[in-house]
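I opened the notebook to record a few look-ups, taken one at a time.

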Amino acid sequence: MSKNVLEVKNLKMYYFTNKGVVKAVDDLSFTLKKGEVLGLAGESGCGKSSLGFTLMGMPTPPGKIVDGSIKIDGREVVGLPEDVLRKEVRWQKISMIFQGAMNALNPVYTVGYQMIEPLVYLKGMERDDALDRAQKYLELVGLPGDIVYRYPHELSGGMKQRVIIATALLLEPDVVIADEPTTALDVVVQAQIINLMKKLKKELGLSMIFITHDLSILAEISDRVAIMYAGKLVEIGDSEKIYYEPAHPYTQKLLAAIPRLHEDVERLEFIPGQPPNLINPPKGCRFHPRCPYAMQVCKEQIPELKEVDKDHYAACWLL
Amino acid sequence: MGFGKYLAYRLFNAALILFFVVLLTSTLFVKLADVTLQSQIQETVQAEWNAYAQHHPGGHVNQSEFIKQRTEYWTDYYGLNKPYRTRVWQTTIKTLTFNFGQTRQTLFGTRDTTQIIKIALPRTILLFTTAQIIVILIGILLGVKSAQNPGSTVDRTISVLAMVTASLPMWWFGMIMILIFAFKLGWFPVNSFPDPTLTGLAHIKDVMWRMVLPVTTIVTVLFGGWAWTTRNIMIGTMQEDFIMAARAKGVPERKVIYGHALRAAAPPIVTMTIFSLLGSLGGAIITEAVFNWPGMGRLYWIALQQNETTLIVGLTYIFTLLYLTAMILADLTYAFLDPRVKVGASASM
Amino acid sequence: MRWVDMKDSLKNFWNDFRREKSGMFGLFLLILLLFTALAAPLLTSPDIPQKWKTYWLENPQNAPPAWSNYFSSTTKAPHVIYTYHDLHITKSKDQFGDTVYSFEIPYKYNYQVPVKDIVIFKLASNASSPLDAPHISIALRRPVQDGYSRVVPLLDETVSSNATIQLSTNTQVRRNVLNWLKQNKVQVDPTLEFQLLATMDTMKFLFSQIQPNIQNMMDNPKPLHGTYTLLVNVTAKPGISVDFSNVEIVFMGRTYGIMGTDDRGRDIWTGLIWGSRVSLTIGIAVAVLSVLIGIFYGVTSAYLGGWKDEFLQRINEFVASIPTLPILILLGVYFGGHIMLWQLVLLLVAFGWVGIAKVARSMALQIKEQTYVEAARALGAGTGRIVFKHMVPQLLPYAFAQIALGVPGAILAEASLSFLGLGDPSKITWGQMLNEAQRAGAAVNGYWWEVIPPGLAITLVGLTFVLIGVALDKVLNPRLRRM
């Protein structure tokens, strides 16, 4: 059994807004093994992107890590000073693939300049050596090396996404967080990017957390899947298990909402209601107001993650 | 629209405006000149007759005949017998080619309007550029500082300062500066006119010494607005994804702010500020007059006090020219700073 | 919009606005300013605009405000005017049957520097020939100074009707004062005496302690504090009557009123109050007109689209690139060196609408895409109707904020032109007050009271509208809040 590269325990990250405290990540625990892809799914606003940035040690202001532990390759990073985080952890131990269709590339700098920044600032490499290395990685993601001299607006959405993937891999980090890397790309490009990431996973043995709201993509790439709801983990387990034997009602509903090619579905289901307000989440199980099986206990006590099967956990009073 | 085409369009537009402004000034000027020239001719002819009568006592030339003849001569000389349209056109052409004519009184040692403006213009540019560079430096520094901590003391102070300085006349602030630092404390000279007896290094020192008050005035009134503009644009930029990405990549915070954020915010900052600079140019020109700084503003003041029409026409023309140049410069700078525009140009060519 | 909705949204708006502290402060200032502008004739007097163009002879020139004494070690006597009602005139007959009018004016003096002059204005009589003219005798009774006589005779002469009697520069007064000093054993050098007759600052001697040597009194005067009394007798021959009803006895102050005076003796405080009228009129008129025009222009341009939009935008760009101030100066010269108020309003509007038109257009382009505009067009609404009924109302919140924010610019433009001497001569404006201060060299001579208040007033009005504008912007345009 391979070792854990990432161990998250009881992690809490709250946004301290002037309207109140938003519990975006609330008491989360999970692990990531070496060479494994963990898919992280949930509706928008459930805290999955917040989790991504928290793992990078840079929760978006006014967010703060309140409690818990994040161990990357055995090293505790919560509580490390910003300077150490920047110089020793970020991008070297854990990097991030941003959503490329958005503004993750600065429009006024060349692609090369932005790619080699971590090499120059963190590794102290010379500009030319760094550019060589950047070109190598660009070729790895299927782009011509001379793209380093281009500006972001000269690239297509798919090309930008590849640049961002290459940038994330440059320092060969232990963990890569992919934050909705395929959202806002058109379907054909989406498939290309997924294939690229599958290839990279195989060739480089990437350990990755793949964040998306699109469960059908996760089925393609992830070994394990975690489902988040309202800042909490509701189910985690091997992909097969999650897809074929979902234990949590929320996961079941979520899966029922995906259109499937191979099965006849009378009509797509949807989950009634809306995700709760995280300033004042419902008491007990946070899903109970939308849950068709809600019982009295659901309204009063928070369910813990329970092992339903080998390596398959879910947090529900039904189990 | 490609950038080359766009620039060509802007140049054409500027030329058109320049022509229009000159046409307007000429139309007004010729009308004004009519009145002054008529009375000037009357005086001249009367003086000529007096001189003639003195030298030829008992001469056989009839007075009214003489006057009529000479009046015709001068009318023809000044072109007053030509149709109004022709004269407007001629004045327009003359003005466009920097041929403004003579002033009535000697200024800066000459009566040639073009020459006078040639002497004054570099002084205005010296004063205004010096002040502007300081404003840009302070403004950007403070703007970035307050964008980093919105709601902080620095930020609040700047917003209040921007509001107050937006509503006070720069030239009035100059008068206050004179009151305090020249009259009350006596630290600086009241008069910014450089000492003409000094040369070389002493002259440069003298000029710099005399520039302190006017420059301080311009800087104090303008930097708040700059800082405020910079702040607002920077706050927008700091929320962009690429800032987050740069931080994640381990780029040092200083480089994130002064490299990524400021560099990305530069194009709008530059254009906005060039336009606000143009807006403040009028105030700065009047400020010159207050300090007696011998530049364009001082000329405006003299021209208005002494009704030097040719000088006003010349000043208007040069001012418009400068204004339009600065506008085109703003466009060029934008294109230079924003690669998206630059490539658009090369792609279309 | 129905009235009930309107009332509701107004109420909501007011609730939001009330929370903006700076906006409320701006509103308070605005009310204060409007009150000042409207009540100007009551606060001062209605004839000020005519009087403003003249020299105010009854006032001292370039006198600082009276309260400046609090901040100065050398306190200066303020300006005091006595009119008919302050004089208790007694009428009696002397042995020749002439009528004698006499009155006394008590004057308390406790300053370092005495008044500049004592002047009697508008003493009228019905005498037709100089022989009949009434006779005036004036003396000053000083406070007790041990060993010296108290009463100084000043003047004894006939006065023609409505003459102005200035005591300070009068040769007879000077001679009388010198004689009185000599009687009190003050040493006066004969050559100095001759000089003093021509140049003496009479009041300085009258209001200071007697010292044995006149040179000391000149170089190092010690003020004699206490109550002085001006004694005046006017003798008129039988049949001649003297009219005191308009008489003014003025102690020409070294300080004056709330804000002092300028080089023409005009009361600056009065000018400040009247100046608010022009400033507010210009500011509000220009801002309202240019915003309305700008909005209609922008919205129409966006609505029309296509080449018409393109054409309108080119015009907009054209106007935007004309430098305003030089053109205004040029026109000012063309109009004979002055731009009338209404001309200035029109000109500032002509240059002022462009920026707003640009923003209004881009906002209108977004509105145009909304379905209800489509629907209105599908229902057959005309261009005008769609523009006015559906698009303009949506831009009104933006317009209100812009109107407030546009005021300072217009006020500054007027002030700048006035400062250059191109202002409307029939109006009292702060810019013109500063122009006159500049021409009189007020700043370099340290006449701060002529420089600071008008500029401060301009700034205050500008700030008032900026505060309101920023608050309105926050309340009415929540989308822009994050900008």
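Predicted model: local features only at pLDDT ≥ 70, side-chain atom pairs only at ≥ 80, totals over all residues.

I then found the bend at Val392(C), with a value of about 50°. A proline follows within four residues, namely Pro393(C).

**Entry: span and cover of H15(C)**

I checked the end-to-end distance next. H15(C) runs over 37 residues, yet its end C-alpha atoms are only 45 Å apart. A straight helix at 1.5 Å a residue would reach 54 Å. I also asked how many of the residues in H15(C) are buried. The count came to 27 of 37, so I logged H15(C) as mostly covered, taking 20 or more other C-beta atoms within 10 Å as the cut-off for buried. Just after H15(C), I found Gly421(C) with a positive phi of about 90°.

**Entry: chain C against chain B**

I looked up this contact because H15(C), residues 383–419, supplies at least two residues to the side of chain C that touches chain B. The contact takes 35 residues from chain C and 39 from chain B. Other helices of chain C that supply at least two residues include H10 (306–320), H11 (324–334) and H16 (430–439). Which helix gives the largest share of the chain C side? I found H18(C), with 11 residues. By class, I logged that side as 26 nonpolar, 8 polar and 1 charged.

**Entry: chain B against chain A**

I turned to the other contact of chain B. Here 18 residues of chain B are in contact with 22 residues of chain A. On the chain B side, the elements giving two or more residues are helix H8 (241–248), helix H9 (253–291) and helix H12 (339–348). H8(B) gives the largest share, 6 residues.

**Entry: a helix pair within chain B**

Last, I looked up H4 (113–148) and H10 (296–306) of chain B. Their axes come within 8 Å and cross at roughly 135°. That angle makes H4(B) oblique to H10(B). From H4(B), I listed Ile116(B), Ala120(B), Leu121(B) and Thr124(B) as making the contact. From H10(B), I listed Met296(B), Gly297(B) and Leu299(B). I sorted the contact residues into 5 nonpolar and 2 polar, with no charged residues.

Notes. Residues numbered from 1 in each chain as written. Chains lettered and ligands numbered in written order. Axes fitted to C-alpha atoms, helices over the stretch in contact; angles between N-to-C directions. Parallel < 35°, antiparallel > 145°, perpendicular 65-115°, else oblique. Contact = placed C-beta atoms within 7 Å. Nonpolar A, V, L, I, M, F, W, Y, C, P; charged D, E, K, R; others polar. Expected span 1.5 Å × (residues − 1). Bend = angle between axes of the 7 residues up to and from the residue. Buried ≥ 20, exposed ≤ 12 C-beta atoms within 10 Å, placed from the backbone.
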